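Student: I am new to this structure. Please take one part and go through it closely.

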Amino acid sequence: MIIAIDGPAAAGKGTLARRLAAEFNYAYLDTGSLYRAVGLGVLRAGFKADDVAAAVGVSANLDPALLGDPALREERTGDAASKVAAMPGVRANLLKFQRNFSVCPPGGKTGAVLDGRDIGTVVCPDANLKLYVTASADVRARRRFVELKDREPAVTYEQILADVQARDTRDMGRADAPLKPAEDALLLDTTELAIDAVFLRAVDLVKERL
Ligand code: C5P
């Protein structure tokens with residue numbers, strides 16, 4: 001069973017994917033963390049996030065320690081991630097790992113849940129279930145703000161909203177694997193739907209496919 005969950009930043013994909021993986025005992029891969037690790041690696045090495053040679057180099061030999069780095073979740077890392085994610089060389093380097101994870105989930109699990117931007121369209125076009133989770137930019141920025149305000153007290157709601165919108169534009173507008181719903185994806189709008197309701201709906205959809 002391969003479950004592909006795509007959608008824009010802070011739409012609730014991660015929470016949904018984690019809960020589904022726990023419910024069915026499937027492996028979970030947050031593919032955004034791979035792009036974040038590349039972005040962080042580039043910044044740490046002293047380059048700008050839009051330096052293609054640096055980003056391709058970091059992604060070719062991704063240091064696993066970066067995946068556990070607390071700075072991975074910072075706002076500036078998300079911004080850098082969306083810049084390196086527009087580079088075809090970076091995407092190509094990360095694709096194989098994601099495909100392997102989906103077809104051979106670690107720990108001998110019988111299924112995998114992957115969340116990101118291009119899972120249903122590029123990484124796992126044959127996924128058994130494809131969900132596209134979205135919400136208004138305002139609601140997503142509010143959620144991200146609540147999540148970040150204790151860790152990054154200097155960050156304002158307006159900044160987060162501007163960042164969410166900039167990331168949407170970049171992720172949807174890039175030439176390689178842009179963010180868009182796969183043709184056979186089911187749309188779940190979490191603007192007014194609580195995550196519990198979305199989760200229960202998704203559980204039913206998985207059961208239908210088992
Ligand atoms: O989901 P998250 O906010 O952690 O993703 C960070 C960035 O990584 C996104 O803005 C997007 O540009 C990129 N990404 C991607 N493809 C994926 C997952 C994430 O391009 N499958």
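**The sheet around β1**

Tutor: Strands β1 and β4 (residues 129-134) run parallel and are joined by 4 bridges. Helices and strands here are DSSP runs, numbered from the N terminus (helices H or I, at least four residues; strands E, at least two). Two strands pair if DSSP finds at least two bridges between them. The model is predicted, so local features need pLDDT of at least 70 and side-chain atom pairs 80 or more, while totals for chains, interfaces and linings use all residues. Residues are numbered from 1 along each chain as its sequence is written, and side-chain values use heavy atoms, without hydrogens or water.

Asp-6 has Tyr-132 of β4 as its bridge partner. Now turn to β3 (residues 112-116). It runs parallel to β1, and 5 bridges join the two. There, Ala-4 is partnered with Leu-114.

How covered is β1 itself? Buried means under 20% relative accessible area; exposed is over 50%, and partly exposed lies in between (1.4 Å probe, protein chains only). Ile-2, Ala-4 and Asp-6 point one way from the strand. Ile-3 and Ile-5 point the other way. Both sets are buried.

Next, the sheet as a whole. It is open, with 5 strands in the order β2-β3-β1-β4-β5. The pairing is parallel. At the edges are β2 (27-30) and β5 (186-189), each pairing on one side only. On average, neighbouring strands are turned by 20° against each other, direction ignored. Axes are lines fitted to C-alpha atoms, for helices over the stretch in contact; angles run from 0 to 180 degrees between N-to-C directions.

β4 and β5 run parallel, joined by 4 bridges. Val-133 stands opposite Leu-188 in β5. Helix α9 packs on the sheet here, touching β1, β4 and β5. Its direction makes about 165° with that of β4. Contact means heavy atoms within 4.5 Å.

Over β2 and β3 lies another helix, α2 (residues 31-44). It runs at about 40° to β2.

Helix α9 (residues 195-209) also meets helix α1 (residues 13-24). Their axes come within 10 Å and cross at roughly 50°. That makes α1 oblique to α9. For such angles, under 35 degrees is roughly parallel, over 145 roughly antiparallel, 65 to 115 roughly perpendicular, and the rest oblique. The crossing is right-handed. In a right-handed crossing the near helix is turned clockwise from the far one by less than a right angle; anticlockwise is left-handed.

Which residues of α1 and α9 make the contact? From α1 come Thr-15, Leu-16, Arg-19, Leu-20, Glu-23 and Phe-24. From α9 come Ile-195, Asp-196, Val-198, Phe-199, Ala-202, Val-203, Val-206 and Lys-207. By class, the contact has 9 nonpolar, 1 polar and 4 charged residues. Ala, Val, Leu, Ile, Met, Phe, Trp, Tyr, Cys and Pro count as nonpolar, Asp, Glu, Lys and Arg as charged, and the others, Gly among them, as polar.
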